[in-house]
Amino acid sequence: MIPPIASKFVAGESAAGALDHARQMNEDGVAVILNLLGEHYHERGPADEDADAYIQLVEDIASSDLDACVSVKPSQIGLDVGDDVFVENYRRIAAAADDHGVFLWCDMEDHETTDVTLDAFEELAREFGGGMGLCVQANLKRTPDDLERLADVPGKIRLVKGAYDEPASIAHKKKSKIDEVYKELLAYLFREYEGGIAVGSHDPEMIDYARELSAEYDRDYEIQMLMGVREDAQRELAAEGIEVWQYAPYGGKWFSYFYRRVRERKENALFALRAVVGI
């Protein structure tokens, strides 16, 4: 059982629990992106099993009235086993999502996985004609070129600042520089990208900038935030009529994910401390 302290960030250990969470968030106007926790499998069996679990999740979402979709990680569905295993499982999930009309996101992991992830996304997004989205990271110096490549690929782009500790030779390291580049790339998406735009950020400054760009270019967008982070803001934005999606992980492998969430933000650590001492 997930302890209450971790349930702030994890939507249960089972798909049924995650779908219940999605239903609760939908009542507040917030849609939900579900991700089964797991990554860096080095054997094919677990990768295939998680791909099967995603296909079942797609079917469960399709048979419900939930405003929900799915996001997968490349190393979870076989990338560390082989590029071919990843693409095979990604295609299986994409075909199921396409059959059932459920949107499919693909997360982006560290820089060593960027090329194969981009190649697979572009191939499948063109094959299925959209219904798919890809995360790109503003801190990587290559991302402007990647966005130019994706400009006419059907689907959506989720722009995040980037959480991986990448080498300075390939990535911006200063927060001020990453913020500057994030704004430049967001403006590029509103100006040039033909698909949907997802602002993957909890930063009020970036969200306000997206509002300005939306008005300037008369384009829709969506905000994506993590479960357990600025949830009041998620509900407030949804109440204003902005499309808001919450990224909600679930599954038995919750401890390492919860540990990362607590380490990366001071307020999360304080929340954990208060829960432990009972105040």
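User: Which strands does helix α2 lie across?
Analyst: Helix α2, residues 15-27, lies across β1 (31-36), β2 (68-72) and β8 (243-250). Its direction is at about 160 degrees to β1. Keep in mind that this is a predicted model.

User: And which strands does α3 touch?
Analyst: Helix α3, residues 44-62, packs on the sheet and touches β1, β2 and β8. The direction of α3 makes about 170 degrees with that of β2.

User: What do the eight strands close into?
Analyst: They close into a barrel, in the order β1-β2-β3-β4-β5-β6-β7-β8. The pairing is parallel. On average, neighbouring strands of this sheet are turned by 25 degrees against each other, with direction ignored.

User: Let's take β5. How many bridges join it to β6?
Analyst: Four bridges join β5 (residues 156-160) to β6 (residues 196-200), and the two strands run parallel. R158 stands opposite A198 in β6.

User: What about β4 and β5, how many bridges there?
Analyst: Strand β4, residues 132-137, pairs with β5 over five bridges, in the parallel sense. The bridge partner of V136 in β5 is L159.

User: Is β5 buried or exposed?
Analyst: Five of the five residues of β5 are buried, so the strand is largely enclosed by the rest of the structure.

User: Which of its residues point which way?
Analyst: K156, R158 and V160 point one way from β5, while I157 and L159 point the other way. All of them are buried.

User: Changing topic: how do α4 and α5 cross?
Analyst: The axes of α4 (residues 83-100) and α5 (residues 114-128) come within 10 Å and cross at roughly 30 degrees. Angles under 35 degrees count as roughly parallel, and α4 and α5 are therefore roughly parallel to each other. The crossing is right-handed.

User: Which residues make that contact?
Analyst: On α4 the contact is made by D83, F86, V87, Y90, R91, A94, A95 and D98. On α5 it is made by V116, T117, A120, F121, E123, L124, E127 and F128.

User: How does that split by class?
Analyst: The contact of α4 with α5 has ten nonpolar residues, one polar residue and five charged residues.

User: Now M206. Where is it?
Analyst: M206 is in helix α8, residues 204-217.

User: Why does M206 count as buried?
Analyst: The cut-off for buried is under 20% relative accessible area. M206 has 0% relative accessibility, so it counts as buried.

User: What is M206 in contact with?
Analyst: Leaving aside neighbours within four places in sequence, M206 is in contact with K161, D179, Y182, K183, L186 and S201. M206 and L186 are 20 residues apart in sequence, and their C-alpha atoms are 8.8 Å apart in space.

User: Last topic, backbone angles. What is phi of H40?
Analyst: Phi of H40 is near 55 degrees, a positive value in a residue other than glycine. H40 is found in the loop between β1 and α3. With a relative accessible area of 36%, H40 is partly exposed.

User: And what about phi of D218?
Analyst: D218 has a positive phi of about 55 degrees, although it is not a glycine. D218 is in the loop between α8 and β7 (222-226).

User: Is D218 buried or exposed?
Analyst: D218 counts as exposed, at 71% relative accessibility.

Terms used
Residues are numbered from 1 along each chain as its sequence is written. This is a predicted model: local features need pLDDT of at least 70, side-chain atom pairs count only at pLDDT 80 or more; totals for chains, interfaces and linings use all residues. Side-chain values use heavy atoms; hydrogens and water are left out. Axes are lines fitted to C-alpha atoms, for helices over the stretch in contact, and angles run from 0 to 180 degrees between N-to-C directions. Angles under 35 degrees count as roughly parallel, over 145 as roughly antiparallel, 65 to 115 as roughly perpendicular and the rest as oblique. A crossing is left-handed if the near helix is turned anticlockwise from the far one by less than a right angle, and right-handed if clockwise. Contact means heavy atoms within 4.5 Å. Ala, Val, Leu, Ile, Met, Phe, Trp, Tyr, Cys and Pro count as nonpolar, Asp, Glu, Lys and Arg as charged, and the others, Gly among them, as polar. Two strands pair if DSSP finds at least two bridges between them. Buried means under 20% relative accessible area, exposed over 50%, partly exposed in between (1.4 Å probe, protein chains only).
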